[in-house]
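Here is a short tour for a reader new to this structure. Take a look at the model before reading on.

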Amino acid sequence: MRAIGLILAGGSSSRMKELTRKRATAAMPIAGGYRSIDFALSSMANSQISKVGVFTQYNSKSLSQHLNSSKWWDFGRKQGGLFVFTPTLTHDNNQWYRGTADAIAQNIDFLKSSHEPYVIIASGDCVYKMDMGKLLEYHIEKNADITIVTKDLGAVDDPSRFGVVSAGIYVIRRRQLIEMIERAGAEGGFDLVKDIFIRYKGIKKIYAYQMNSYWSNITTVNSYFKTNMDFLNRDIREYFFEGFPQIASRIEDLPPAKYNAGSKVENSLVASGCIINGEVKDSLLFKEVYVGNNCTIRNSIILNDVYIGDNTYIENCIVESHGTIRANSNYVGTPEDIKIILEQNERYVL
């Protein structure tokens with residue numbers, strides 16, 4: 001592949017509310033056993049991009065742990081690899097990343113020391129599967145300066161959240177990106193879209209590349225909820241996880257889910273390590289969730305390592321990871337206003 005990859009994964013979103021208090025948006029769990037960033041990483045790896053840099057900043061601990069080995073995405077090669085960049089305070093620099101362009105600027109040596117002629121930039125908070133080889137071919141064929149991947153959202157979402165048309169994926173020649181980044185920095189510009197791409201509109205040859213397959217952004221509670229619920233659709237599950245190429249992620253050594261006598265599960269995704277005693281319908285249970293006796297979970301997302309006590313009712317909710325829900329609890333949201341549950345009760349009582 002003639003391109004290196006850059007993944008912008010340092011941000012958070014206030015519209016995610018409590019869900020991004022302790023993790024970056026790119027580290028949000030997706031579809032039972034994945035993280036949001038897995039989709040950008042897998043698309044690059046499946047497109048034979050062997051060298052990828054990930055820029056992290058906000059609440060980077062869980063994301064860095066997830067990326068601690070490049071082998072899951074097959075980046076562990078003699079040439080190439082997976083590189084994680086966090087802000088580093090030095091004698092010459094005492095600034096955190098002030099924007100997406102500044103994140104690249106503070107690590108500009110990564111670009112300068114590379115030899116690939118092109119750069120593909122992607123956001124870490126979008127869910128999709130894409131052949132970036134075809135994207136690069138389009139960019140070269142058009143002799144474009146910048147190519148922006150676009151997605152027709154129809155009437156199902158608010159396009160203003162995504163820069164009107166952009167799917168958060170861009171192609172640009174490496175030397176040109178270095179020049180633009182350095183010029184923007186000298187003029188006090190720190191944002192990749194506002195201070196570089198928009199600035200050169202009408203000056204540089206900017207082309208759009210239409211994405212016709214599934215794409216979703218997860219920077220609000222409702223969009224995060226809907227994206228996960230989309231994976232209850234068999235066609236979408238098969239597209240991502242059965243059709244080649246597949247999505248890769250960091251694998252944990254966990255036992256298969258256990259369904260005890262009396263349990264009932266309907267139209268749901270249940271991840272490894274779960275133990276089910278109650279009723280689960282139209283829901284996603286992430287890794288190591290325990291559902292007690294006589295519990296009912298409907299149209300909800302239960303994140304990793306949650307203990308749900310007996311006789312609990314949960315509907316239209318997202319339960320934050322590592323929580324303990326006391327027995328006889330009742331939590332109900334609405335499809336328009338998903339309720340986020342954060343409980344840190346003692347799990348084991350003498």
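A residue counts as buried when its relative accessible area is under 20%. Keep in mind that this is a predicted model.

**Strand 9**

Strand 9 spans residues 166–173. Seven of its eight residues are buried, so the strand is largely enclosed by the rest of the structure.

**Helix 5**

Helix 5 covers residues 132–141. Its buried residues are Met-132, Gly-133, Leu-135, Leu-136 and His-139. They lie on the same side of helix 5, because they cover an arc of only 160° around the axis. On the other side, Lys-134, Glu-137 and Glu-141 are exposed.

Both ends have a detail to note. At the start of helix 5, a side-chain oxygen of Asp-131 comes within 2.9 Å of the backbone nitrogen of Gly-133. Just after helix 5, Asn-143 has a positive phi of about 55°.

**Thr-312**

Where does Thr-312 lie? Thr-312 sits in the loop between strand 21 (307–308) and strand 22 (313–315). Its relative accessibility is 2%, so Thr-312 counts as buried. A polar atom of its side chain is 2.9 Å from the backbone oxygen of Gly-309. Beyond its neighbours within four places in sequence, Thr-312 touches several residues, including Asn-294, Cys-295, Ile-325 and Arg-326.

Methods:
Residues are numbered from 1 along each chain as its sequence is written. This is a predicted model: local features need pLDDT of at least 70, side-chain atom pairs count only at pLDDT 80 or more; totals for chains, interfaces and linings use all residues. Side-chain values use heavy atoms; hydrogens and water are left out. Buried means under 20% relative accessible area, exposed over 50%, partly exposed in between (1.4 Å probe, protein chains only). Helices (H or I, at least four residues) and strands (E, at least two) are DSSP runs, numbered from the N terminus. A polar contact is a pair of N or O atoms within 3.5 Å; within protein, one must be able to donate a hydrogen and the other to accept it, and residues adjacent in sequence count only if both atoms are side-chain atoms. Contact means heavy atoms within 4.5 Å. The arc is that of the directions from the helix axis to the C-beta atoms.
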